[in-house]
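Subject: Structure handover

Hello,

Here is the structure I said I would pass on.

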Amino acid sequence: MQVRLADQPKEIQEAVAETRRRVSELHAELPANGLVVWTAGNVSERVPGADLFVIKPSGVRYEELSPNAMVVCTLDGQKIDDGTPAELTPSSDTAAHAYVYRHMPEVGGVVHTHSPYACAFSAVYRPIPCVLTMMADEFGGDVPVGPFAIIGDDSIGQGIVETLRESRSRAVLMGNHGPFTIGKDATDAVKAAVMVEEVAKTVAIAESLGQPRPIAQEHIDTLFDRYQNVYGQDHDKE
């Protein structure tokens, strides 16, 4: 039997509404930061207190997105009866997002973009080397490359989980595809998506100038610990 949003407790309905609003607004950050073109890319976020997540509908242009257009899915990637038209289907990457949520319970947000420099590294199957303090801060080392996987089932999700379980990075470059990022919520994952493109671009420029010098592992560890545990205000690390 299909899950109906209208049958859920009031607090779950309210949590879904707030998550839809947040996910809709966060999608604007992708074109604003040059991470996507046309309808590519997607943001999703786990609904607090429920085995549900909210994700962008497939093939809808960014300027046409609204909270009410955001699709609600179970953690198996199935759209629920969420009040949207039946023809409004979830993103083609939904199975990948769902797999991440099922296998990484600490993850509250997932983002996929086609940002050019990060995609370029994925096309040549090269990790982004940790040659910038910003990378050590944000990703704790190199940004790894994941395997090639066909879109449509949970193969991409499996590659994301398998790769990131062996890394402190919150970004993975799926081979021949592009970056997927994770975070404690969707805002955190969008930030990681912006940051991974920034460092990919900077490293590519550095390599055009010469051989970038890697940061020693002991300094990476120190920088990562400081940024994750000390930097910023108590209520929010920037």
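**Strand β1 and its neighbours**

Strand β1 is joined by four bridges to strand β4 (residues 109–112), and the two run antiparallel. Two strands count as paired if DSSP finds at least two bridges between them. Helices (H or I, at least four residues) and strands (E, at least two) are DSSP runs, numbered from the N terminus. This is a predicted model, in which local features need pLDDT of at least 70 and side-chain atom pairs count only at pLDDT 80 or more, while totals for chains, interfaces and linings use all residues. Residues are numbered from 1 along each chain as its sequence is written, and side-chain values use heavy atoms, with hydrogens and water left out.

β1 also pairs with strand β2 (residues 52–55), through three bridges and again antiparallel. E45 sits opposite G109 in β4, and its bridge partner in β2 is V54. Five residues lie between the strands in the hairpin of β1 and β2, where G49 takes a positive phi near 80°.

β1 covers residues 42–46, and five of its five residues are buried (under 20% relative accessible area; exposed is over 50%, partly exposed in between, with a 1.4 Å probe and protein chains only). In a regular strand, side chains alternate between the two faces of the sheet. Here N42, S44 and R46 point one way, and V43 and E45 the other way.

**Salt bridges**

The structure holds 16 salt bridges, each being a side-chain nitrogen of Lys or Arg within 4 Å of a carboxyl oxygen of Asp or Glu.

R4 takes part in a salt bridge with D7, at 2.8 Å from N to O. D7 is exposed, with a relative accessible area of 52%, whereas R4 is partly exposed at 38%. R4 also forms a salt bridge with D81, where the closest N and O atoms are 3.5 Å apart. That pair links distant parts of the chain, 77 residues apart: R4 is in the segment before α1 (10–27), and D81 is in the loop between β3 (71–74) and α3 (94–103). D81 is partly exposed, at 32% relative accessibility.

E207 and R126 meet in another salt bridge, at 2.7 Å from N to O. E207 lies in helix α7 (residues 186–209) and R126 in the loop between α4 (116–123) and α5 (133–139), so the pair ties together parts 81 residues apart in sequence. Both are partly exposed, E207 at 29% and R126 at 33%.

Regards
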